[in-house]
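Please keep the sequence and the structure in view while reading.

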Amino acid sequence: MKKILLLLLVATFATIVNAQDPKTVFTAEKIVFYGLDFTKAKFAIPDAKPAEIKDTYFEAWNETVFGDNGRFPKESAFGKVTVYGDPTVVKRRNAAVNTADITGKYEKPLTREDLQGVINDYKDGVRKEGLGVVFIVEHFSKAKKEGIASIVFFDIASRKVLLAKRMSGEPGGGGLNNYWMRTIQVMFEKMGATEYYLWQKEVMGK
């Protein structure tokens, strides 16, 4: 009996360790996509007031990225057979943003510790285990014609960041929604074309 319990404990420990291995990002067949987290973002968008950005566009941008799989091909971008969408966490977090904090100078990229601090709050998603990914948006700047986000892959159960890659994209298109969503679309295109493969090569060593 003791031997059986020991074997079960060892197997459980091995499963936990494997789930927290960065290689899981590339070996898992399924992933949960959480959307766009704007809680650390700075916006230099003269066309819209801070309250409008938060109350209108946070939700509109997320609805667009979740709803349009043509412009945002999640399976190919994340290299997965199945992608589940779960906007629960980012909806709660984005709603709590203080509009006084979202404008101002973008001073420096988010650190690994900053990103881990965000993921530590991802406790109330629909799925309680598996692989998750979220875009933690850092900056939208009209003057620089640039959007920046960190694409963060993490273990859902432990909320440990497994891999984080910073990307940028150029805006474009008509209307504020499409104009800024083009930056995210560019990131998806880059991942699907080359970036995901390069990250895999870096982590897997082949």
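Which residues form one aromatic cluster? The cluster consists of Phe 33, Phe 66, Phe 72, Phe 78, Phe 135, Phe 153, Phe 188 and Trp 199. The model is a predicted one, and a search of the whole structure finds 24 aromatic pairs. Two of these pairs are described below.

**Phe 78 and Phe 153**
- The ring centres of Phe 78 and Phe 153 lie 6.2 Å apart and the ring planes stand at 90°, so this pair is edge-to-face.
- Phe 78 belongs to helix H4 (residues 74-78) and Phe 153 to strand E5 (residues 146-155), so the pair ties together parts that are 75 residues apart in sequence.
- Phe 78 counts as buried because its relative accessibility is 0%.
- Phe 153 has a relative accessible area of 0% and is therefore buried.

**Tyr 122 and Phe 154**
- The rings of Tyr 122 and Phe 154 have centres 5.6 Å apart and planes at 75°, so this pair is also edge-to-face.
- Tyr 122 is in the loop between helix H6 (112-119) and strand E4 (131-141), whereas Phe 154 is in strand E5; the pair links distant parts of the chain, 32 residues apart.
- Tyr 122 has a relative accessible area of 3%, which is under 20%, so Tyr 122 is buried.
- Phe 154 likewise counts as buried, at 0% relative accessibility.

**A charge over a ring**
- Arg 127 lies over the face of Tyr 84, at 3.5 Å from the ring centre.

Technical notes: Residues numbered from 1 in each chain as written. Predicted model: local features only at pLDDT ≥ 70, side-chain atom pairs only at ≥ 80, totals over all residues. Heavy atoms only, no water. Phe/Tyr/Trp six-rings, centres within 6.5 Å; stacked < 30°, edge-to-face > 60°. Helix = DSSP H or I, 4+ residues; strand = E, 2+ residues; numbered from the N terminus. Buried < 20%, exposed > 50% of the residue type's maximum accessible area, 1.4 Å probe, protein only. Lys NZ or Arg CZ within 6 Å of the ring centre and 35° of its normal.
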